[in-house]
Amino acid sequence: MIKRKLWASALSLSLLVPTLSACSFTGAPKEEPPSTLRIATTSGWFDEEYFRREYTELFELEHKNITVEFVNLGENYRYSRGPSQEEPEDPLKKLKDEMQGANPPDVVLFNYDQMSELVHENLLSPLDPMIKDDKFNTEDIVPAVIDGIKQMGNGQIYALSPTFYSSALVYNKGMFDEAGVGYPTDGMNWDEIFELARRVSKGDGKQHGFNFYSYSHGDLFNATQMYANAIRLRTFDENGEKMTVDSDSWEQAWKTIIDLGKEKTIPFMDMNNDNYDRFNDEGPFGYNDFLSGRLAMTMISLYEIKELINANKEADNIEGYTPIQWDIVSVPTAPDGTSYSFGFNDLMGINAKAPNAKVAWEYIKFMNGEDWARLKSRSSNNLISNKKYTKRSDGEEYNIEAFYNVKPAPPESFDDYEIYRKKPNIHEVVWMGQKYFNEAVEGQTSIRDALKAWQEEGDALLLQMEENPEASSVDRGGSEAIAVPIG
């Protein structure tokens with residue numbers, strides 16, 4: 001899922017925080033009785049050094065009598081499991097057990113798709129009373145952040161997040177100017193973006209109008225899956241029991257992307273022709289279509305914008321690179337006007353059974369306050385939730401609001417968490433679609449017949465998973481699918 005990949009990226013690409021001075025940045029250290037704050041996380045990329053640097057160092061500097069302890073409840077993905085080992089226990093279940101155990105944590109860190117279950121089971125304390133009592137100003141927080149949190153909390157605030165992630169649509173002004181085409185704008189829908197892409201593309205396989213990602217070694221099936229996610233097409237039903245791809249909506253989605261690929265508006269990695277080696281082109285950024293000037297528009301993260309800005313700044317020292325004049329606009333939303341690319345990786349809530357709830361609130365209030373935002377805005381790879389510090393300190397002027405001028409996806413968009421937990425191999429019904437997609441692209445079958453075949457094989461696997469949740473397409477002798485990231 002989009003959210004987990006971006007979490008892994010943020011951890012691996014984290015930057016160093018500024019060196020801390022010996023004095024408190026709000027004056028003298030707070031005089032508090034000694035106490036311990038226990039923080040539990042479900043992160044599978046846990047590294048205590050990183051977590052302390054990112055989540056507690058500034059707080060501990062300000063609160064010298066508070067000792068912070070971390071409790072990691074997720075599988076550590078830095079160390080691979082051997083094939084003979086059992087599947088690990090679900091980290092959310094471990095978190096819930098720990099929250100109700102003999103030595104419960106005070107603060108819990110969790111992902112957006114885990115929040116609804118924690119709220120529903122009354123495991124989190126509502127923060128609204130504390131926010132009111134302390135006159136904590138939520139008006140300083142990006143509205144989309146508060147709206148997204150309230151959506152998961154039935155209108156209440158059960159957590160806060162000092163950062164958020166989102167995607168924007170970056171475009172190359174020079175390519176649009178050369179084609180005599182107007183720039184994209186905020187609020188465009190997907191059809192409008194695709195039409196712009198057609199107009200700015202040269203159709204020669206060397207200059208493309210759009211792709212869902214900037215790296216050069218993707219494939220058309222991956223682009224189709226990202227488009228399906230963006231417009232809220234489900235691969236299987238809400239119970240994970242039946243495929244839903246044999247439909248007019250899926251047929252139109254496949255046709256849209258296949259047509260764009262064949263027109264060479266979207267880069268088409270065809271293994272049967274020379275274009276397959278396109279990402280090996282000479283140049284300092286051969287792996288990146290946008291930085292190489294081969295792509296007019298693409299979806300981009302904050303980290304990728306930093307890469308673009310740095311490339312432009314160092315253009316004189318990068319042989320073969322031409323600086324790009326660019327800006328960003330908001331990514332087209334789903335039909336309901338919400339964005340699937342907006343979310344959180346570090347939601348912070350207070351355990352309903354926290355032994356040290358007062359200190360827990362002091363921690364969450366600090367982490368979501370102005371001092372933390374001001375300092376971290378200089379180094380974080382995520383976007384800062386405090387509106388005053390969403391603007392970057394990189395010296396560039398661009399439409400930063402494009403990242404957060406959206407509505408977060410509704411809670412039901414994340415209900416698949418439980419399905420993936422109960423059926424850990426259910427992603428295979430997505431992967432197996434690539435075989436049928438390729439057949440449709442190559443003209444071996446019609447798009448609708450390909451979708452019918454995908455539905456039939458997927459239904460058979462889902463039925464087997466009802467009896468054996470660990471079942472896979474390899475076990476049943478079906479098509480051995482190729483692992484394709486969905487976004």
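Guide: Let's begin with strand 5 (168-172), which is joined to strand 8 (residues 326-330) by 5 bridges. Strands here are DSSP runs of E with at least two residues, helices are runs of H or I with at least four, and both are numbered from the N terminus. This is a predicted model, in which local features need pLDDT of at least 70 and side-chain atom pairs count only at pLDDT 80 or more, while totals for chains, interfaces and linings use all residues. Residues are numbered from 1 along each chain as its sequence is written, and side-chain values use heavy atoms, leaving out hydrogens and water.

Visitor: What makes strand 5 and strand 8 a pair?

Guide: Two strands pair if DSSP finds at least two bridges between them. Strand 5 and strand 8 have 5 and run antiparallel, so they meet that rule.

Visitor: Why is strand 5 called largely enclosed?

Guide: Buried means under 20% relative accessible area (exposed is over 50%, partly exposed in between, with a 1.4 Å probe and protein chains only). In strand 5, 5 of the 5 residues are buried, so the rest of the structure largely encloses this strand. Ala-168, Val-170 and Asn-172 are buried on one side, and Leu-169 and Tyr-171 on the other. Across the protein, 55% of the 487 residues are buried.

Visitor: Which residues have the most contacts inside the largest nonpolar core?

Guide: Leu-37, Tyr-55, Met-115, Leu-160, Trp-326, Ile-328 and Tyr-363, in a core of 83 residues. A nonpolar core is a set of buried Ala, Val, Leu, Ile, Met, Phe, Trp, Tyr and Cys residues joined through side-chain atoms within 4.5 Å. Helix 12 (residues 357-367) gives the largest share of this core, 7 residues. A second, separate core has 57 residues, including Phe-221 and Met-432.

Visitor: What does Trp-326 touch?

Guide: Contact means heavy atoms within 4.5 Å. Leaving aside neighbours within four places in sequence, the contacts of Trp-326 include Val-170, Tyr-171, Ile-305 and Asn-312. Asn-312 lies in helix 11 (residues 302-313). Asn-312 and Ile-324 are 12 residues apart in sequence, with 6.8 Å between their C-alpha atoms.

Visitor: How do you know how helix 2 and helix 12 are oriented to each other?

Guide: Helix 2 (residues 48-62) packs against helix 12 at an angle of about 110 degrees, with axes 10 Å apart. Axes are lines fitted to C-alpha atoms, for helices over the stretch in contact, and angles between N-to-C directions run from 0 to 180 degrees. Angles of 65 to 115 count as roughly perpendicular (under 35 is roughly parallel, over 145 roughly antiparallel, the rest oblique). The two helices are therefore roughly perpendicular. Tyr-55 and Phe-59 of helix 2 are among the residues that meet helix 12, where Tyr-363 and Phe-366 are among the partners.

Visitor: What makes strand 2 and strand 10 edge strands?

Guide: Strand 2 (66-72) and strand 10 (347-350) each pair on one side only. The order is 2-1-3-10, in an open sheet of 4 strands with mixed pairing. Strand 10 is joined to strand 3 (residues 107-110) by 4 bridges, running antiparallel, and Val-107 stands opposite Ile-350.
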